[in-house]
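Hi,

Here is the structure I promised to pass on. Have a look at it first, and my notes follow below.

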Amino acid sequence: MQKINSPQQRSQKRPRLLALFAVTLATVLLLFILPALTQQPVVLTMLMQGQDIVNWRPFVKEFEQKNPKIRINLIEGPFDTNLIENLYTSAFLLGESPYDIINMDIVWVPKFAAAGWVRDLTDRIPPKQLSKFIQGNVEGGRYRGKLYRIPHASDAGMLYYRKDILEQAKIPAPKTFEEMVKISQNLQKQGKVTWGYLWQGKQYEGVSAMFVEVLSGFGGFWANPQTFEVGLDKPEAIKAVEFLKNTIASGISPPGVTTYGEEETRLLFQNGKALFLRNWPYVWKLANAEGSNVRGKIAIEPMLSSTGKTGGSCLGGWGWGIAKTSKHPEQAWKAIQYLTSEETQRKFIIQTGLIPSYKSLFTNKEIVAKYPHYPQLLKVVERPALRPPLAQYAQASDILQRYLSSAFTGRMSAEQAMKAAANETRNLLGSLKQPQAS
């Protein structure tokens, strides 16, 4: 016979059930809900130059608002890119880097990848997405077939010229070095301009970037990263050096060009002292600013070449990778995806006037309305002359810089300098075994 609980028994049982429910609820709160509510966000650390922090901070805050469980700590570094590279290198050599997201110059990728300091991103981004970027920017993020950097800003050497002077003389913009020399000499003789051609001849990384364009324009090459073949002592390379030396000897370029970097040449050009200038895209905004002597009087062309050859522009630019020692690679990748998205880059370009890495943004209506020279810039960046992706690039560049300086200042002939540079480069590549990226 079934036992029936009395009302009194049922009323005594109810508080026990409520107490059990309360204990269960408290356990759930303690074990699952409260930790989730009180969990601190993941903090990612990035080292950047001061001027870059100013540009990127609004977009970092935007990312954090959309991803409240992730915070990005921006560490301000020095202006000099070499010092930034040294800080990264020191951190990695000491062990676990404090940086999660690595902001890499294009020439650092082989070194960082070969040393095993950054993660392979090849499988994280589909080929269809990569195809939207400027090809040279993507290739600059690879080392031995693997991708280690996603580009967020492009950069490329180009030829600036005084369109007002050429239009007045009814002369089209030059396409070759030979045409530029002839135009410069003629207009200098007429007293239309003080100097014909400005370039960076100082002994620093800028001279390597400048020279790789002239070298490409004469049909030469620096070093092949696959075969380690060195081309610095070949006839094309010697002709490239002789061309630059002759611009000084003939008075087209000022004698002081052997000590000039980007800013010295920009200021001379901006003050109306020169007809042609080799420099980077940042010059456009400054040269067209209020108070500039050449405001509204300049135009750009892709880098020149010798007659019958095809030239190229040295690609620079920056991109993001993930430190191998980062404890938060998934969150770091999420941040990189957001900050390198086409929409974020569109807003970034409009705000800063820097150069996009997406092909579509060079012809975006909103961007072109503000920066009408961007379609012409696309022609520049699509004809790249990349510096060789060598793990020992810094040493190879130092060799080249030293011997170019010797040639430009007359301490050595073009042939002597390039033969010496080639021999040292061969010794470097032959004696140092290329590390494998892990």
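The protein has 18 helices and 11 strands; helices (H or I, at least four residues) and strands (E, at least two) are DSSP runs, numbered from the N terminus. Bear in mind that this is a predicted model, where local features need pLDDT of at least 70, side-chain atom pairs count only at pLDDT 80 or more, and totals for chains, interfaces and linings use all residues. Residues are numbered from 1 along each chain as its sequence is written, and side-chain values use heavy atoms, with hydrogens and water left out.

Some overall figures: of the 438 residues, 52% are buried (under 20% relative accessible area, with exposed meaning over 50% and partly exposed in between, 1.4 Å probe, protein chains only). The accessible surface is about 20700 Å², and carbon and sulfur atoms hold 55% of that (Shrake-Rupley method, 1.4 Å probe; for residues, only the protein chains shown count as cover). Among contacts (heavy atoms within 4.5 Å) with a separation of 6 or more, 73% link residues 24 or more positions apart.

Now a helix pair. α2 (residues 50–66) packs with α14 (residues 342–352) at an angle of about 150 degrees, and their axes are 10 Å apart. Axes here are lines fitted to C-alpha atoms, for helices over the stretch in contact, and angles run from 0 to 180 degrees between N-to-C directions. The two are therefore roughly antiparallel (over 145 degrees; under 35 is roughly parallel, 65 to 115 roughly perpendicular and the rest oblique). On the α2 side, Asn55, Trp56, Pro58, Phe59 and Glu62 make the contact, and they meet Thr344, Lys347, Phe348, Gln351 and Thr352 of α14. Sorted by class, that contact has 4 nonpolar, 4 polar and 2 charged residues (Ala, Val, Leu, Ile, Met, Phe, Trp, Tyr, Cys and Pro count as nonpolar, Asp, Glu, Lys and Arg as charged, and the others, Gly among them, as polar).

- Ser313 sits in the loop between β10 (298–301) and β11 (315–322). Its relative accessibility is 1%, so Ser313 counts as buried. Leaving out residues up to four places away in sequence, Ser313 touches Ala156, Gly157, Glu213, Met303, Val380, Arg383, Pro384 and Ala385.
- Gly77 belongs to strand β2 (residues 70–77) and is also buried, at 13% relative accessibility. Beyond its neighbours within four places in sequence, Gly77 contacts Leu47, Met48, Gln49, Gly50 and Ile84. Its C-alpha lies 9.6 Å from that of Asp52, 25 residues away along the chain.

Cheers
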